[in-house]
Each structure stands twice: as C-alpha cells, then as structure tokens.
2 protein chains.
Amino acid sequence: MTEDQHPDDPLRLDRQICFPLYAASNLINRLYRPVLSKLGLTYPQYLVMLALWEQAPRTVGALGEALYLDSGTLTPLLKRMEQAGLLTRKRDPEDERRVQVALTSEGRALKAEAQRVPESLTAGFEGDPAEVEKLRDSVQALVATLARHNRDS
Amino acid sequence: MTEDQHPDDPLRLDRQICFPLYAASNLINRLYRPVLSKLGLTYPQYLVMLALWEQAPRTVGALGEALYLDSGTLTPLLKRMEQAGLLTRKRDPEDERRVQVALTSEGRALKAEAQRVPESLTAGFEGDPAEVEKLRDSVQALVATLARHNRDS
DNA sequence: TTCCTTTATATTGTGCACAATATTATTGCT
DNA sequence: AGCAATAATATTGTGCACAATATAAAGGAA
C-alpha cells in the first residue's frame, strides 16, 4: 500500500522548507523546557524576559512586535508572569489604551540566574560556532521576509 | 529605564539561534493557514497528509517518528482527521497495541488539490531557490542533531 | 461638541504540543 | 503457565498561538 513517490514530487516531506523549521521549533522547545523550568519559565516567557532585560518598560504592542506575537497570545502569558511576580502591567496614564509592562526587582534578578542558559544549551548544536551563526543569520533574514509579507497582506 | 546592553551579552535577543527558528515556525503557520483552510486542514494536519501520501498505512508511532511528535499530540489530531473523513484508525490485528492509520479515498483525492500548495507559498520566500535549499539542508541537519540529542537523554 | 475612524489591548473558541500518567497488549524469563 | 518488564497508544492538565470579535480610549472632521 506504499504509494509511488516521484523524486521531484513537490509534496515530498523531505523537500519542504517549512517542515524542518517547524520540527526545529518543537525540538528546541523540548530542549529548553527542563532548563527553563528551573527558573520557573516556559520558552515564550523566557523570550519575554530577554526582551524586557534589553528594554523596559515596554508596551504589549512593542513586545509583540519584537517577538512576532499578538495580544491574544501575550495577554494571558503576561498575566501568568505577573502572577509569578516577574513583572507588572499597568495602563499608561498618557494613553489609557496602552499597557506598560515593567520588570519587578525579582524579574531583574532573574537575569543573573539565566546567564548560563545559552551555553548550557549549545550542547544540542554541536557544530562550529561560525556555522551556527551563519544559520542564525539565514533564518533571521527569512523571518524578516515572512514578517514583511505578513504585514503587507 | 532602558537597560545597559553589552554587545556580547549572551542573552541579547538578536544573538539567539533558537528565537528566529521559533519565530519562523509561527510565521509560517500563519502564512499556511489561509491556504490550507481551503483544504480543511491545519498545518500539522497537512504534515500528516504529506507523510501518509508518501506511505500508508502507517502506525501512530511511525507518524510520530517522521514528524517528531508524540501520541499526546497525534491521537487527538488524528481523531479530528478521522472525523473529517480523511483517514481511518484501526488496531493492528497482528499487534493490538498498534493503531494503523490509513487514507480514505477522500484523503487520497485531496493530494490533487494540494499540488499547488508549495508553489503558492514560495512567494513568502522570495530568494533564489538554491539559497532556500541550502537553508533547508542546514535546518534539516540541525533537526537531526536535536532529535538525536533528544533520544539519547 | 458630535460622531466616525483608528488604535491598543482583552476575550472567546479552536487546535496544537508536551510532561506525566494510565491502559492495554506483547515479550521474556523462569 | 505465571509474571515482571517493556512497548504502543490514550488520557489529563497546562500553556501557548491565532483568527475573530469585543471593548475602550484617542484622534479627527465638520
């Protein structure tokens, strides 16, 4: 019952560009999970912390732009992080539509504990760093293209 | 309130390799959604169809190995696809632990309608095909490494 | 001012994704 | 045969991700 499979069939799984990106994302999430759970974070929450450690406070919209996520994803996620004591959410008095997300001292302190996260995960990438950086830049370029495409349509 | 940010801080968002992969996966999902919804499929469901168009029937475990997913994800997903009439699930009489997933005629027929999906999405990748193939191969290699790492631990 | 439009965030409903656990079938050992 | 160990799938509970929609504030035109 195995189907015929021509080598140039555009529907072959191993010819897809999107599938390995999807699989990589899932596998990375799985790899990060045990490491980040020690910090009490999920992977998307870790990304929010990275963004806030670079610049805070930031609005929900600014976070969404940095992480390519919308309010439907961020609002409940930020509420959980607020509950956990990592950040605060309050309406901007200048413009009551906006919500400013700021770090608590606990949230700022967590950065010290996260310092070793990247290096403790490079084990999964075993390859020379220059190669990894090239891959990163390629995917970053792809993301920029996809994001532009998304905004335009 | 902007934080100091050293150029070699390992926690800088733009130095992460995992973040662009995560963002690319999300953006791709968003890009595929309107195209696949015309076929009545989600992106993971589309991947299951790609796998089954290559070879069917397959066990749940074999599908999970091909797509890097486990039964917790696949079981409900396959049930929805069974409800939609695309495939059948039945216990293997040879080994009652296994579930054989087979295509219905409707599921096989859907392949014809999916032929144009890949080309209708290359618009989002605007770059020369050789470059895209190189990126694909790099990410495939990464996925292989991550998957091995995952099995071993 | 009144009202219309736009903007920012929140809510609702659906479908993944996964860890932990449960269930049932097979295998292997004695 | 009896039974522990293993294997394959299913279930449960939590947390994303997103489209569609709702809510409320700001801006702008007449």
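Buried denotes under 20% relative accessible area, exposed over 50%, and partly exposed the range in between (1.4 Å probe, protein chains only). This is a predicted model, in which local features need pLDDT of at least 70, side-chain atom pairs count only at pLDDT 80 or more, and totals for chains, interfaces and linings use all residues. Residues are numbered from 1 along each chain as its sequence is written, chains are lettered from A in the order in which they are written, and side-chain values use heavy atoms, without hydrogens and water.

**View 1. The salt bridge between B:R136 and B:D137**. A salt bridge is a side-chain nitrogen of Lys or Arg within 4 Å of a carboxyl oxygen of Asp or Glu. The closest N and O atoms of this pair are 3.3 Å apart. B:D137 is partly exposed at 39% relative accessibility, whereas B:R136 is buried at 13%.

**View 2. The salt bridge between A:D95 and A:R98**. Here the closest N and O atoms lie 3.8 Å apart. A:D95 is buried, with a relative accessible area of 15%; A:R98 is partly exposed, at 42%.

**View 3. Contacts of chain B with DNA strand D**. For B:G61, a backbone N or O atom lies 2.8 Å from a phosphate oxygen of DNA strand D.

**View 4. The protein surface near DNA strand D** (near: a heavy atom within 4 Å). This surface has twelve charged, ten polar and six nonpolar residues, where Asp, Glu, Lys and Arg count as charged, Ala, Val, Leu, Ile, Met, Phe, Trp, Tyr, Cys and Pro as nonpolar, and the others, Gly among them, as polar.

Technical notes. Polar contact = N/O pair within 3.5 Å; in protein donor to acceptor, adjacent residues only side chain to side chain.
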